[in-house]
Amino acid sequence: MYAFMSITKALADENRVRILAVLNGRELCVCQIIDLLKLAPSTVSKHLSILRQARLLEVRKNGRWMLYRLNEKNPPAAVAEALQWVIHSVGSEPVVQQDARRLNEILSIPVETRCSA
């Protein structure tokens with residue numbers, strides 16, 4: 001029951017769902033996610049923490065950058081099903097499509113430049 005409750009809690013926030021949608025098929029640095037959502041770093045960190053606790057995200061460190069991606073390598077069945085459902089359900093939402101366009105701008109700047117602070 002704990003896994004189910006963690007997943008439902010993680011999906012109960014629009015910003016966390018937006019994070020999952022934007023990570024579909026890619027890996028992003030935390031600073032890129034902050035720039036996309038236009039939220040305080042501490043707020044984004046909390047959202048990422050909740051998504052990681054639910055096992056919806058994986059993280060890896062690359063130098064000084066923390067890179068996030070969907071947990072798609074052997075996730076628990078509930079996680080795989082939740083990710084599939086979210087990606088399928090929100091793909092046509094205007095905010096998700098707007099995020100995709102904004103992400104193209106963000107990705108045009110190298111992470112080393114964008115996240116140098």
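Predicted model: local features only at pLDDT ≥ 70, side-chain atom pairs only at ≥ 80, totals over all residues.
Residues are numbered from 1 along each chain as its sequence is written, and side-chain values use heavy atoms, with hydrogens and water left out.

Entry on accessibility. I find Glu27 partly exposed at 27% relative accessibility and Arg69 partly exposed at 21%, where buried means under 20% relative accessible area, exposed over 50%, and partly exposed in between (1.4 Å probe, protein chains only). I also see that Glu27, Glu58, Arg60 and Arg69 are linked in a network of salt bridges.

Entry on the sheet. I traced an open sheet of three strands in the order β1-β3-β2, with antiparallel pairing; strands (E, at least two residues) and helices (H or I, at least four) are DSSP runs numbered from the N terminus, and two strands pair if DSSP finds at least two bridges between them. The edge strands are β1 (28–29) and β2 (57–62), each pairing on one side only. Between β2 and β3 (residues 65–70) I read six bridges, and Leu57 stands opposite Leu70 in β3.

Entry on the other salt bridges. My search of the whole structure gave six salt bridges. One of them joins Asp99 and Arg18, with the closest N and O atoms 2.7 Å apart; Asp99 sits in helix α6 (residues 94–107) and Arg18 in helix α2 (residues 14–22), 81 residues apart. I record both Asp99 and Arg18 as buried.

Arg102 forms a salt bridge with Asp35, the closest N and O atoms being 3.1 Å apart. Arg102 lies in helix α6 and Asp35 in helix α3, so this pair ties together parts that are 67 residues apart in sequence. Arg102 counts as partly exposed at 22% relative accessibility. Leaving out residues up to four places away in sequence, I find that Asp35 touches Arg102, Ile106 and Arg114, contact meaning heavy atoms within 4.5 Å.

Terms used:
Salt bridge = Lys/Arg side-chain N within 4 Å of Asp/Glu carboxyl O.
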